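Work through these exercises with the structure open beside you. Try each task before reading its solution.

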Amino acid sequence: LEGRLPQEEWEQTRDLLKVSESKLAEEAAKQRQELERILEAQQEALEKATKDNSKQVEQLKETMEEARTKNESRVAALNKELQQEIAKRTKSEKEVAALNEKLQQEIAKRTKSEKEVAALNEKLQQEIAK
């Protein structure tokens, strides 16, 4: 353009180009600053979110550990209750078996006594008949 345009026109064009270049550089610098600010804000937000998530994960772990501990305690208590109930029932079953044994012995004694009484009655009837 320098050789094709008259000197004055060339200088005006060159001056305009310099102004435009300067304005473009200024605008580019502003945009770069804005992008850096946005990037920094996003980085801060990401760091905050990561920190918050870490806290939530820790809280969740603590909550799960508390629940597990409570469940283990409850299971242990239920197992103890169950063992006590089994022991009571086993004791009751043994007592019932012992009472049944005594009852069988008493029935056997009475049956024997009834047979003896019947035999004595038979002898007595025979004696009376003589």
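**Exercise 1.** In what kind of contact do the side chains of Lys48 and Asp52 meet?

Solution. This is a predicted model, in which local features need pLDDT of at least 70, side-chain atom pairs count only at pLDDT 80 or more, and totals for chains, interfaces and linings use all residues. Residues are numbered from 1 along each chain as its sequence is written, and side-chain values use heavy atoms, with hydrogens and water left out.

Step 1: apply the test. A salt bridge is a side-chain nitrogen of Lys or Arg within 4 Å of a carboxyl oxygen of Asp or Glu.
Step 2: check the distance. Lys48 and Asp52 meet in a salt bridge, at 2.9 Å from N to O.
Step 3: Lys48 and Asp52 are four residues apart in helix α1, so about one helical turn separates them. Helices are DSSP runs of H or I with at least four residues, strands are runs of E with at least two, and both are numbered from the N terminus.
Step 4: judge the exposure. Buried means under 20% relative accessible area, exposed over 50%, and partly exposed in between (1.4 Å probe, protein chains only). Lys48 has 53% relative accessibility, so Lys48 counts as exposed. Asp52 has 28%, so Asp52 counts as partly exposed.

**Exercise 2.** Which residue forms a salt bridge with Glu34?

Solution. 
Step 1: find the partner. Glu34 pairs with Arg37, and their closest N and O atoms are 2.5 Å apart.
Step 2: compare positions. Both lie in helix α1, three residues apart, about one turn of the helix.
Step 3: check the surface. Glu34 is partly exposed because its relative accessibility is 35%. Arg37 is also partly exposed, at 47%.

**Exercise 3.** How many helices and strands does the protein chain have?

Solution. 
Step 1: count. The chain has one helix and zero strands.
Step 2: The chain's value is 54 Å, well over the 14 Å that the rule gives for 130 residues, so the chain is more spread out than a compact globule.
Step 3: find the box. The C-alpha atoms fill roughly 180 × 25 × 15 Å along the principal axes.
Step 4: look for cover. Buried residues make up 1% of the 130 residues.

Note on methods:
Rg over C-alpha atoms; globule rule 2.2 N^0.38 Å.
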